[in-house]
Amino acid sequence: MPSDRTENVNEICRDDSAAPVKAQTIDELHSLQKKKSAPNSPRIKQKAGDGLFSSAILDQEDRQKQQLKSISASLASLTRETGPKVVKGDPSTKKPESPKAAISHHQHFTAPAVPVTDSALKFIHILYNLSPAELYEQAIKYEKGSFITSSGALATFSGAKTGRSPRDKRVLKDKSTEDDLWWGKGSPNIEMDEHTFTVNRERAVDYLNSLDKVYVNDQFLNWDPEHQIKVRIVSARADHSLFMHNMCIRPTAEELENFGTPDFTIYNAGQFPCNRYTHYMTSLTSIDINLSRKEMVILGTQYAGEMKKGLFGLMHYLMPKRQILSLHSGCNMGKDGDVALFFGLSGTGKTTLSTDQNRYLIGDDEHCWSENGVSNIEGGCYAKCIDLSKEKEPEIFNAIKFGTVLENVVFDEHTREVDYTDKSVTENTRAAYPIEYIPNAKIPCVGPHPQNVILLSCDAFGVLPPVSKLNLAQTMYHFISGYTALVAGTVEGVKEPTATFSACFGAAFIMLHPTKYAAMLAEKMQLHGATAWLVNTGWSGGSYGSGSRIKLPYTRKIIDAIHSGSLLNASYTKTEVFGLEIPNEVEGVPSEILHPMNPWSDKQAYKETLLKLAGSFKKNFEVFANYSIGKDSSLTEEILAAGPIF
């Protein structure tokens, strides 16, 4: 037997014995686990013997110095000439050079005109474009409230603010924006002056400079390479860095090396409050946008959605200047290349209807429509999680895995299983994940010009038809209106719905007057032959409490008929008051519900409710009626004429 073992010893190793690793400390041993990443630049992929390899390494070092210099400039104060010295790497694993050495390096030069402070002698470690795995490690080690759930997603806690703070958002009003932006009644843009912005920017930068390390993301907005925007996000939290890694478009290694100066920078100092005694401040929270300096400052809120929507506001300002329409919409594409846009407020079914297993998903929330077609602004999705289930929304449920950020969810202390029905922290629970986590996502997220524009409304009054075809003037009217209805709930037995309007189906994020976006939409639809549809996913046969909600399978049949083009060939009947064109027949949908009055048993009640809703439309539109667009305000008059008449 011993001889047999001797014969086979060279064929296979039957135990786990191996030579001991030559390491003096545990840290040395751990360092051997980390394989160094090879340079990605094609200029470095050369043979060592050709005499160019060493110069290629120097090129890489020079690029890294330029990168750090750019980041240092981003963190510089507006009121001081000196700023912090920045180095790459985690301070827990890497020691920077001594500040004394850095000071002696400048002893031959004239002393700066302004006093040198301690912050000028301080090193800040820049954790630059870390991978999701690295960001997981940072969050778990250093950020209270970060956990790994059973699905592999990173659960985080946003603190006191679990949603956006629109009343604390400010936009700098200066010579370049005074005439361009929408100000005044109905506008989401609350003005601030340059001095106040500078005060808040200094406060945010000072806070970031006081930290041992900050996270920096350099990324892109807009999948259309001709109209891409470079953004830099400087933040204090690893989960914020991972959130933006998911939500923006992720550059390749080569794109990162040649990134250069960003077009826009976010300073997220959300852990630190603003000074509420500063002019224009109404709370400890302030979200400030300076379009001239191309900067955004966040103070007093750790809700990650502020960054996403701040960048969306930027695109609503920049893109129309290039004759590109920015849209708060979902977008998908059929196998034959037919593209549809979906507009709708919360609860209208925008996400459900734009996510179709038979069609490719271009994006779920933010898009551009340029001369090249449509393109997704983002690189990820920000889905609501409340009451999420695998049965109802399998694509979103399965996307919540390693790399996904889960905000403010409740989970089992032991198993880490998430309870999506639990609203203990907030009803606004969210998941942020890369768009490629959706199986039928179209990568790159671009498509041809849309053929159909679908305006979704959940009409809880029950007087709008399940589907109607709109002309261009009606499209602009209903696009500017952005209508849906909210149910008041059961407080003291009140169940009456409330009409809600949000201009362009995203009033909180638009920068220009709504009529400008509407006119651009009509122009592009006319140029490319697109058709607009108003689809009601709400009630039929009565208002909420007496009627019934239109069945989802019926709505899906309507959407299918729009995609296939069969509705274009249908015969239509025109309604009273709103003047909507209603198809007389849709395959798979009971014809008796297509005209909203038919299912109502009390016809008089229907007419009274219809007039009530029409009055709400007219009252809402008053703020837009005095805005002149088109030659001699002709377009304004045309849009007004497309509203309800009674």
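Before I go on, the caveats. This is a predicted model, so local features need pLDDT of at least 70 and side-chain atom pairs count only at pLDDT 80 or more, while totals for chains, interfaces and linings use all residues. Residues are numbered from 1 along each chain as its sequence is written, and side-chain values use heavy atoms, with hydrogens and water left out.

Back to Thr196. Is Thr196 buried or exposed? Thr196 is buried, at a relative accessible area of 1%. The cut-offs there: buried is under 20% relative accessible area, exposed is over 50%, and partly exposed is in between, with a 1.4 Å probe and protein chains only. If you skip the neighbours within four places in sequence, Thr196 is in contact with Thr278, His279, Tyr280 and Met281; contact here means heavy atoms within 4.5 Å.

Thr196 sits in helix α6. Helices are DSSP runs of H or I with at least four residues, strands are runs of E with at least two, and both are numbered from the N terminus. α6 covers residues 194-209, so to speak a 16-residue helix, and spans 22 Å from its first C-alpha to its last, close to the 22 Å expected at 1.5 Å a residue. That expected span is 1.5 Å times one less than the number of residues. Asp193 shows up again at the start of α6, where one of its side-chain oxygens comes to within 3.4 Å of the backbone nitrogen of His195. As for burial, the buried residues of α6 include Phe197, Arg201, Glu202 and Tyr207.

Now compare helix α5, residues 132-142. Its buried residues are Leu135, Tyr136, Gln138 and Ala139. Looking down the axis of α5, those buried residues fall within an arc of 165°, so they line one face of the helix. The arc is taken from the directions from the helix axis to the C-beta atoms. As a reminder, an α-helix has 3.6 residues a turn, so residues three or four places apart point the same way. On the other side of α5, Glu137 and Lys141 are exposed. And what do the buried residues of α5 pack against? The partners are β2 (123-128), β3, β4 (154-156), β7 (213-221) and α7 (238-247).

Two of those strands, β3 and β4, take us to the sheets. There's an open sheet of five strands, in the order β3-β4-β19-β22-β18, and the pairing is mixed. Strands pair if DSSP finds at least two bridges between them. At the edges are β3 (147-148) and β18 (380-384), each pairing on one side only. β18 runs antiparallel to β22 (residues 430-434) over five bridges, and Cys381 has Tyr433 in β22 as its bridge partner.

Another open sheet has four strands, β12-β16-β17-β23, with antiparallel pairing. Its edges are β12 (325-328) and β23 (446-447); each has a single partner strand, so one side of each is left without a neighbour in the sheet. β17 (residues 373-376) is joined to β23 by two bridges, with Ser375 opposite Val446.

Then there's strand β13, residues 330-333, which is covered on both faces: Gly330 and Asn332 on one side, Cys331 and Met333 on the other, all buried. β13 runs antiparallel to β14 (residues 339-343), with four bridges, and Met333 stands opposite Val339. Five residues lie between the strands of that hairpin, and Gly337 takes a positive phi near 90°. β13 also runs antiparallel to β15 (residues 360-363), over three bridges; there Asn332 has Leu361 as its bridge partner.

Last, the whole protein. It has 16 helices and 32 strands, and buried residues make up 50% of its 646 residues. Of the contacts between residues at least 6 apart in sequence, 72% join residues at least 24 apart. That's the tour; over to you.

Definitions and conventions: Polar contact = N/O pair within 3.5 Å; in protein donor to acceptor, adjacent residues only side chain to side chain.
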